[in-house]
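Thanks, everyone. I'll keep this short. Have the sequence and the model open as I talk.

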Amino acid sequence: MKPILKISDLFKISWKQTRAQIWVLAGLLIGWTIITFTLSIFSTPDPSQGLSGYTLGIILMNIVFALIGCIFNLGYLKNIFQALDGDEPQFSAYGQQARKILTYFIASIIMSIIVCIGFCLLILPGIYLAVRLQYFTAVIVEDNGGIISSLKRSWEITKGNFWPLFLLGLTFFGIAILGILLFVVGIFVAYPLIYMMYAASYRVLSAPMAADVFDAVKIEE
């Protein structure tokens with residue numbers, strides 16, 4: 001039986017779990033924002049070092065930011081899954097997920113290349129591929145998927161659900177815009193909510209014989 005995605009149910013569940021852990025989830029985002037802002041100030045290369053030194057500094061800075069970004073994305077998604085299960089997000093998740101940086105980084109590059117090829121051919125194929133491959137990160141975090149296996153798994157579980165997932169993506173966009181309009185501060189609520197809906201939808205799609213979204217994410221009303 002193919003799992004059925006109901007955006008209204010996903011929102012209801014995700015909002016409940018996000019609200020329950022909002023201070024922790026928003027606090028992690030605020031902390032991440034402060035860290036990246038501080039690093040960007042103190043790690044910006046000095047142009048007086050010459051063109052070669054400045055260029056090398058920019059490259060090294062981007063590599064460091066990419067690595068830190070990978071760790072945060074993986075760890076934060078793990079925190080989201082923990083909150084979805086009704087558990088308190090653990091900071092130790094970032095250290096645990098750090099071991100998956102290479103897998104995540106290479107899988108991200110492969111997905112980006114595939115999607116870019118789709119956009120170069122026509123816009124619609126690019127959107128289709130992006131929707132079908134979007135859950136590779138969740139597979140890596142939740143099920144310890146490999147580089148290729150995570151992409152293949154995402155392709156498998158999204159089969160036959162393109163339009164519901166496309167509408168879900170539009171919902172994410174709308175929530176993000178609303179968060180920005182709410183004096184920008186709202187993004188610290190919108191961002192965890194989007195992640196929570198992403199995690200909940202992955203649980204629904206990946207759950208064997210999932211007949212109900214409430215059963216799939218193991219949440220009791």
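A word on terms before the fold: helices here are DSSP runs of H or I with at least four residues, strands are E runs of at least two, and both are numbered from the N terminus. With that, the order of elements from the N terminus is α-α-α-α-α-α-α-α-α-α-α. That comes to 11 helices and 0 strands. Keep in mind that this is a predicted model.

Some totals. The chain has 221 residues, and 42% of them count as buried. Its accessible surface is about 12,100 Å², with 72% of that belonging to carbon and sulfur atoms. Now take the contacts with a separation of 6 or more. Residues 24 or more positions apart account for 70% of them.

Next, the inside. In soluble globular proteins, nonpolar side chains tend to be buried together. Here the largest nonpolar core has 49 residues. Which residues have the most contacts inside it? They are Tyr-76, Leu-77, Ile-80, Phe-81 and Tyr-135. Helix α10, residues 187-206, gives this core its largest share, 12 residues.

Look at Ile-80. Setting aside neighbours within four places in sequence, Ile-80 is in contact with Leu-25, Pro-192, Tyr-195, Met-196 and Ala-199. Its C-alpha atom is also 9.0 Å from that of Gln-17, 63 residues away along the chain. Gln-17 sits in helix α1, residues 7-20. Buried or exposed? Gln-17 is buried, because its relative accessible area is 8% and the cut-off is under 20%.

On to the aromatics. There are 16 aromatic pairs. Take Tyr-128 and Phe-162: ring centres 5.2 Å apart, planes at 40 degrees, so this pair is tilted. Tyr-128 is in helix α6 and Phe-162 in helix α9, so the pair ties together parts 34 residues apart in sequence. Tyr-128 is partly exposed at 32%, while Phe-162 is buried at 16%.

Trp-163 and Phe-166 make an edge-to-face pair, 5.8 Å centre to centre with 85 degrees between the planes. Both lie in helix α9, 3 residues apart, about one turn of the helix. Trp-163 is exposed at 58%. Phe-166 is partly exposed at 27%.

There is also an aromatic cluster, and Tyr-76 and Tyr-195 are among its members, along with Trp-32, Phe-72, Phe-91, Tyr-94 and Tyr-191.

Last, the surface. Phe-105, Ile-109, Ile-113, Ile-117, Leu-121 and Leu-122 form a nonpolar patch, about 600 Å² of accessible area together. Ile-117 belongs to helix α5, residues 101-121. Ile-117 is partly exposed, with a relative accessible area of 48%.

Note on methods: Residues are numbered from 1 along each chain as its sequence is written. This is a predicted model: local features need pLDDT of at least 70, side-chain atom pairs count only at pLDDT 80 or more; totals for chains, interfaces and linings use all residues. Side-chain values use heavy atoms; hydrogens and water are left out. Patches are made of residues with over 30% relative accessible area and no salt bridge: like charges are joined within 9 Å, nonpolar side chains (Val, Leu, Ile, Met, Phe, Trp, Tyr) within 5 Å. Accessible areas come from the Shrake-Rupley method with a 1.4 Å probe; for residues, only the protein chains shown count as cover. A salt bridge is a side-chain nitrogen of Lys or Arg within 4 Å of a carboxyl oxygen of Asp or Glu. Buried means under 20% relative accessible area, exposed over 50%, partly exposed in between (1.4 Å probe, protein chains only). A nonpolar core is a set of buried Ala, Val, Leu, Ile, Met, Phe, Trp, Tyr and Cys residues joined through side-chain atoms within 4.5 Å. Contact means heavy atoms within 4.5 Å. Rings of Phe, Tyr and Trp (its six-membered ring) pair if their centres lie within 6.5 Å; planes under 30 degrees apart count as stacked, over 60 as edge-to-face and the rest as tilted.
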